[in-house]
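Here's a quick briefing on the model you have open.

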2 protein chains.
Amino acid sequence: MTASAAPLDLIRPGVDRSLREFVDRQRPFFTDPHLASLLSAAEDFLAGGKRLRPAFCYWGWRAAGGGDEPAMHTAAASLELLQASALIHDDVMDASDVRRGMPSAHRRFERMHAEAGWHGSAEQFGEGAAVLLGNLLLVWSGEMWRTSGLPPEAIATAQPVHDHMLTELMCGQYLDLLEQAQGQSTFDSALRVALFKSGKYSVEQPLRLGLVLAARAQHHWIDRLCVQYGQQVGIAFQLRDDILGVFGDPAETGKPAGDDLREGKRTILIARTLAEASPAQAETVRSLLGDPRLDAEGVERLRAAIEDSGARAACEEMIKRYLDNALRALEQAPIDETARTALASLAVAATSRRT
Amino acid sequence: MTASAAPLDLIRPGVDRSLREFVDRQRPFFTDPHLASLLSAAEDFLAGGKRLRPAFCYWGWRAAGGGDEPAMHTAAASLELLQASALIHDDVMDASDVRRGMPSAHRRFERMHAEAGWHGSAEQFGEGAAVLLGNLLLVWSGEMWRTSGLPPEAIATAQPVHDHMLTELMCGQYLDLLEQAQGQSTFDSALRVALFKSGKYSVEQPLRLGLVLAARAQHHWIDRLCVQYGQQVGIAFQLRDDILGVFGDPAETGKPAGDDLREGKRTILIARTLAEASPAQAETVRSLLGDPRLDAEGVERLRAAIEDSGARAACEEMIKRYLDNALRALEQAPIDETARTALASLAVAATSRRT
């Protein structure tokens with residue numbers, strides 16, 4: 001971690017503790033021994049994660065004048081439950097085997113079925129159990145958010161933002177599914193999906209939640225900061241994700257090298273490659289991208305095409321530009337100074353991360 | 001519909017209208033033309049359904065002194081969104097092709113993919129889209145419940161019941177998955193799963209929500225009525241489901257004949273059959289139950305084994321006994337007389353239904 005990760009480090013203990021306390025409150029409902037495997041899967045999954053969304057939410061709250069209160073750690077931590085739910089369902093939809101260096105949730109349940117020698121398809125059992133685990137974390141996220149201990153007026157003011165975020169998340173993921181299926185992503189359509197799916201949900205809306213919770217209102221300056229800082233950091237965050245998905249070190253990302261390429265993900269990076277590629281480079285992408293049996297040599301050939309087309313450098317340039325825009329907007333916002341510094345560091349951490 | 005369905009008929013217009021109004025409120029978020037297919041799938045799915053859970057919730061409210069208020073129709077209708085979400089996810093998990101006489105949600109999306117000739121697996125697309133549709137309806141259910149227009153104090157008092165219901169629903173479905181996979185269901189374990197998965201969620205908790213909303217407290221008599229009437233009707237409801245799943249008329253149930261048998265569902269009816277069967281009957285069940293290629297003759301042989309073992313009659317007897325217990329408990333509860341009559345009719349309708 002670089003020095004810029006400090007705003008993340010600062011809230012991690014509070015977020016981790018809130019998550020443990022919430023799960024402990026649920027434990028009495030899991031007395032049936034058959035439910036132990038569901039609860040332990042939830043706990044193991046929640047132990048990982050960068051806590052990035054809680055950090056944007058918490059520092060939004062501080063930015064609008066909120067204090068360092070345990071209730072806010074809890075409200076912010078609820079976003080980590082939502083993110084866990086989304087990742088578990090994502091992995092089912094993408095048939096991904098690995099998450100954070102461990103078997104994905106559906107593979108974990110599949111293995112449990114296979115090792116016990118149960119009836120029926122282990123794969124189908126794994127998928128079903130993972131869908132239910134994701135559902136459980138989704139409903140817990142809403143419960144944790146509402147029972148954080150923040151004043152009811154604060155929650156009531158921010159609830160429409162929260163509701164909208166959830167609808168937007170599901171719609172964004174649906175748009176992403178469509179984009180992958182239609183397979184004709186242009187640069188513009190890839191950007192639109194990235195904004196809808198990841199930009200808004202990863203940065204803008206968590207930030208907005210924190211700001212509205214503390215301000216008890218949806219001020220004009222809040223909206224401006226959420227769009228000009230939040231959306232810009234969100235898209236840069238997604239661009240970093242695209243680059244890590246192709247060029248990242250598996251030891252750091254916790255995902256096998258080239259997984260995004262094998263899966264054929266239609267990212268901004270790929271759209272840019274196709275827009276810039278020579279005929280030979282375009283042919284390499286067309287013939288190899290999305291091949292589930294892609295080997296190390298194929299991964300290298302695709303990486304070379306992306307690099308040599310100039311797309312990787314162009315995406316790095318975009319990240320830099322979005323980050324600059326975001327930091328400029330941050331400078332102009334009427335917010336707490338400690339939070340301003342923290343949000344600047346967070347923007348850098350979110351867009352220069354290696355995991 | 002029999003005369004006893006009147007309490008259902010009475011609330012259906014209000015529930016239907018509330019659902020339409022809620023979806024209309026969401027429509028502005030669906031301006032992207034790519035999202036039209038998601039919204040129309042939600043609308044088509046919500047057009048069907050017996051509205052049984054909203055009815056138990058509404059009549060619970062009336063039982064504890066609540067009036068016939070539009071806000072209560074809305075709060076009750078939110079349970080129909082939850083049920084739609086659960087059914088859509090259930091159909092993905094069970095790989096069911098048909099729901100309410102129409103293609104299940106994942107098959108609908110799968111067909112959309114195939115007809116458009118998109119990239120990748122149509123089946124995987126269908127499952128992913130259905131998981132997201134289920135998630136969308138799940139988060140909408142929470143939003144509709146909270147924004148019904150009922151007094152905030154009423155919602156706040158009932159919220160822990162609502163939260164508990166959601167956790168219980170996901171846990172119950174997980175127990176059901178395990179039970180099917182372990183395939184060693186005894187009569188007791190099948191009864192436990194039926195209570196957890198369906199009994200509580202279909203009758204007891206909707207009823208409790210309505211009672212607590214109106215009473216603004218969790219009185220001892222509410223708990224007694226929920227257990228002695230709610231759980232008993234809930235299990236009888238599930239037993240009726242078991243019988244319809246094997247002997248029901250496809251024209252009425254909207255599901256292909258013998259689907260539960262092909263799927264190998266471990267129901268109370270099956271557990272009872274195995275407990276009572278002659279060696280020859282048990283052999284029929286063991287060899288045919290869960291065979292995905294089971295033909296009409298195989299279905300008939302299984303039906304005969306279940307009938308001849310006496311299990312069907314025993315389940316009918318159980319339904320009658322549970323219903324009698326429920327009606328007796330209802331007689332003794334300190335509730336509104338109109339609601340008492342309605343809840344008695346509802347109990348009969350829920351356990352003698354043919355669809």
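Chain A comes out with an average pLDDT of 93, and 99% of its residues score at least 70; pLDDT is the predictor's confidence in each residue, on a scale from 0 to 100. This is a predicted model, so to read what follows: local features need pLDDT of at least 70, side-chain atom pairs count only at pLDDT 80 or more, and totals for chains, interfaces and linings use all residues. Residues are numbered from 1 along each chain as its sequence is written, while chains are lettered from A and ligands numbered from 1 in the order in which they are written.

**Confidence**

- Within chain A, helix 6 of chain A has the highest confidence, at 98, and helix 10 of chain A (residues 250-253) the lowest, at a mean of 86.
- For the complex, the predictor reports an ipTM of 0.95 and a pTM of 0.95.

**Fold of chain A**

- Chain A has 16 helices and two strands, taken as DSSP runs numbered from the N terminus (helices are H or I, at least four residues; strands are E, at least two).
- The C-alpha trace of chain A spans about 60 × 55 × 35 Å along its principal axes.
- Of the 355 residues in chain A, 53% are buried (20 or more other C-beta atoms within 10 Å of the residue's own, with C-beta atoms placed from the backbone).

**Where the chains meet**

- Chain A and chain B each put 41 residues into the contact, where two residues are in contact if their C-beta atoms, placed from the backbone, lie within 7 Å.
- On the chain A side, helix 4 (70-94), helix 6 (122-146) and helix 7 (152-182) each supply at least two residues.
- Helix 7 of chain A gives the largest share of that side, 14 residues.
- That side of chain A divides into 22 nonpolar, 15 polar and four charged residues (Ala, Val, Leu, Ile, Met, Phe, Trp, Tyr, Cys and Pro are nonpolar; Asp, Glu, Lys and Arg are charged; the others, Gly among them, are polar).

**A helix pair in chain B**

- Helix 15 (residues 311-332) and helix 16 (residues 337-352) of chain B pack at about 170°, axes 10 Å apart.
- That angle makes helix 15 of chain B roughly antiparallel to helix 16 of chain B (the label applies to angles over 145 degrees).
- Residues making this contact include B:Leu323 and B:Leu327 of helix 15 and B:Arg340 and B:Leu343 of helix 16.

Methods:
Buried ≥ 20, exposed ≤ 12 C-beta atoms within 10 Å, placed from the backbone. Axes fitted to C-alpha atoms, helices over the stretch in contact; angles between N-to-C directions. Parallel < 35°, antiparallel > 145°, perpendicular 65-115°, else oblique.
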